[in-house]
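I opened this structure to look up a few things for myself. These are my notes, in the order I made them.

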Amino acid sequence: MFLTRNKNSPILDFSLRTVLVVGASSGIGFEVANQIKHLGRNLIVAARRLSLLEENFSTNTCIELDVTNKQSVELLLEKLNKKQSFIDVVFWCPGIYTPMSYTEIDIEKAVEITNVNLTSVYLPFAKITKKWINGRDGFSRNPHWIWVSSVAGYNGLPGSCAYGPSKAALNNLAEAAFVELKAFNIDISIVCPGFVRTRLTEKNSFKMPFIISPAKASKEIFKGLRRGNFEIHFPKSLSIVLKLLKFLPYKFLFLITSKLLK
Ligand SMILES: NC(=O)c1ccc[n+]([C@@H]2O[C@H](COP(=O)([O-])OP(=O)(O)OC[C@H]3O[C@@H](n4cnc5c(N)ncnc54)[C@H](OP(=O)(O)O)[C@@H]3O)[C@@H](O)[C@H]2O)c1
């Protein structure tokens with residue numbers, strides 16, 4: 001009983017689900033959506049770069065969306081309400097990143113990162129989960145919200161003064177939502193990838209350990225969902241080491257993270 005309460009219902013068959021992938025124009029979100037296009041039935045994809053979406057997905061399933069713009073989000077919700085079957089799985093992938101240290105902070109950029117990666121999740125999450133709670137009888141399977149976060153949220157790392165905190169807060173939000181929404185049979189997952197070769201990591205000039213392709217990342221995500229995991233983290237060779245750092249006394253943690261300053 002205790003162990004099952006800490007799990008989600010496994011998603012074994014996407015052909016039975018109606019899926020929204022936000023941030024599907026490139027990288028991890030694109031790979032996830034592309035897999036679902038082949039596995040599934042009802043798919044809706046959203047991002048700012050509509051032309052990229054329309055190149056890869058059928059036009060009537062593509063929605064232009066800027067998650068930081070309230071009107072744009074409300075329009076998305078309106079469009080979802082008009083669909084024949086309401087979505088019951090959401091992959092929330094939008095994220096931006098700029099390497100940034102506190103000594104050279106760009107405040108505008110830091111606020112933009114926080115808005116895209118964290119603040120933008122509240123409105124759609126609140127509206128969609130409310131609909132799931134109110135329409136509970138209409139769903140034959142548990143609705144499932146999946147956030148793409150990052151291992152960068154595990155520890156405070158130098159050079160990541162906006163991105164890291166935004167992902168740490170997202171992990172925290174997911175932990176709270178998992179417990180609160182269990183009572184309504186709503187499942188929550190948080191995905192914490194290490195380095196993935198995408199537009200986002202192109203700007204890193206350092207060697208990224210254990211970097212993987214977006215295809216491998218999406219494979220890990222689907223494996224975690226089949227297992228009903230709350231947290232899906234990979235590649236394990238990096239994510240487990242970073243997880244263990246969390247348990248170190250600060251004097252040892254700072255000894256290790258200060259080496260990253262260079
Ligand atoms: N790559 C990595 O190593 C790595 C590691 C850990 C976590 N992650 C996380 O994985 C997620 C996907 O990133 P990625 O690596 O696949 O990079 P990416 O290729 O740059 O994808 C980012 C996606 O977010 C969308 N997006 C950004 N700003 C948006 C906005 N204001 N409104 C709507 N959509 C927006 C982009 O679409 P448009 O630009 O078309 O709007 C794009 O589809 C992010 O949350 C990132 O933090 C990545």
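The entries below go from ground rules to salt bridges, a pocket, the ligand and some backbone details.

**Ground rules**

I am working with a predicted model, in which local features need pLDDT of at least 70 and side-chain atom pairs count only at pLDDT 80 or more, while totals for chains, interfaces and linings use all residues. Residues are numbered from 1 along each chain as its sequence is written, and side-chain values use heavy atoms, with hydrogens and water left out.

**Salt bridges**

I began with charge pairs. Side chains of opposite charge can pair when their charged atoms come close. I counted a salt bridge when a side-chain nitrogen of Lys or Arg lies within 4 Å of a carboxyl oxygen of Asp or Glu. How many salt bridges does a search of the whole structure find? It finds seven.

I looked at Glu74 next. Its partner is Lys70, with the closest N and O atoms 3.9 Å apart. Both residues lie in helix α4 (residues 70-82), four residues apart, or about one turn of the helix. My helices (H or I, at least four residues) and strands (E, at least two) are DSSP runs, numbered from the N terminus.

Then I checked accessibility. I call a residue buried under 20% relative accessible area, exposed over 50%, and partly exposed in between (1.4 Å probe, protein chains only). Glu74 is partly exposed because its relative accessibility is 33%. Lys70 reaches 56%, so it counts as exposed.

Helix α8 (residues 214-226) came next. Lys216 and Glu220 sit four residues apart there, so about one helical turn separates them. They form a salt bridge, and their closest N and O atoms are 3.2 Å apart. Lys223 also meets Glu220 in a salt bridge, at 3.6 Å from N to O. These two are three residues apart in α8, again about one turn of the helix. Shared partners join Lys216, Glu220 and Lys223 into one network.

Is Glu220 buried or exposed? Glu220 counts as buried, because its relative accessibility is 14%. Lys216 is partly exposed at 39%. Lys223 is partly exposed at 31%.

**The second largest pocket**

I turned to empty space. Rolling a probe the size of a water molecule over the atoms shows where empty space is left. On a 1 Å grid over the protein atoms alone, a pocket is an open set of points where a 1.4 Å probe fits, with protein on both sides within 12 Å along at least five of seven lines; lining residues have an atom within 4 Å of a point.

I noted about 210 Å³ of space in the second largest pocket. Volume here is the space filled by probe spheres set on the points, which are joined across faces, edges and corners. The lining includes Gly153, Tyr154, Asn171, Glu175, Phe230 and Lys246. The elements that give two or more residues to this lining are α7 (163-182) and β6 (187-193). Which element gives the most to the lining? It is α7, with four residues.

I sorted the lining by class and got five nonpolar, three polar and four charged residues. In that sorting Ala, Val, Leu, Ile, Met, Phe, Trp, Tyr, Cys and Pro are nonpolar, Asp, Glu, Lys and Arg are charged, and the others, Gly among them, are polar.

**The ligand**

I found 29 residues around the ligand. A residue qualifies if one of its heavy atoms lies within 4 Å of the molecule. The closest are Arg48, Arg49, Tyr163, Val196 and Thr198.

I then listed N or O pairs within 3.5 Å, my polar contacts; within protein, one atom must be able to donate a hydrogen and the other to accept it, and residues adjacent in sequence count only if both atoms are side-chain atoms. A polar side-chain atom of Arg49 lies 2.7 Å from a ligand oxygen. For Thr198, a side-chain N or O atom is 2.6 Å from an oxygen of the ligand. Val67 uses a backbone N or O atom, 2.9 Å from a ligand nitrogen.

**Loops and backbone**

Ser150 is in the loop between β5 (144-148) and α7. Ser150 is buried, at 6% relative accessible area. A polar atom of its side chain lies 2.9 Å from the backbone nitrogen of Ala152.

Pro235 is in the loop between β7 (231-234) and α9 (236-245).

Last, I noted Asn185, which has a positive phi of about 55° although it is not a glycine. Asn185 lies in the loop between α7 and β6.
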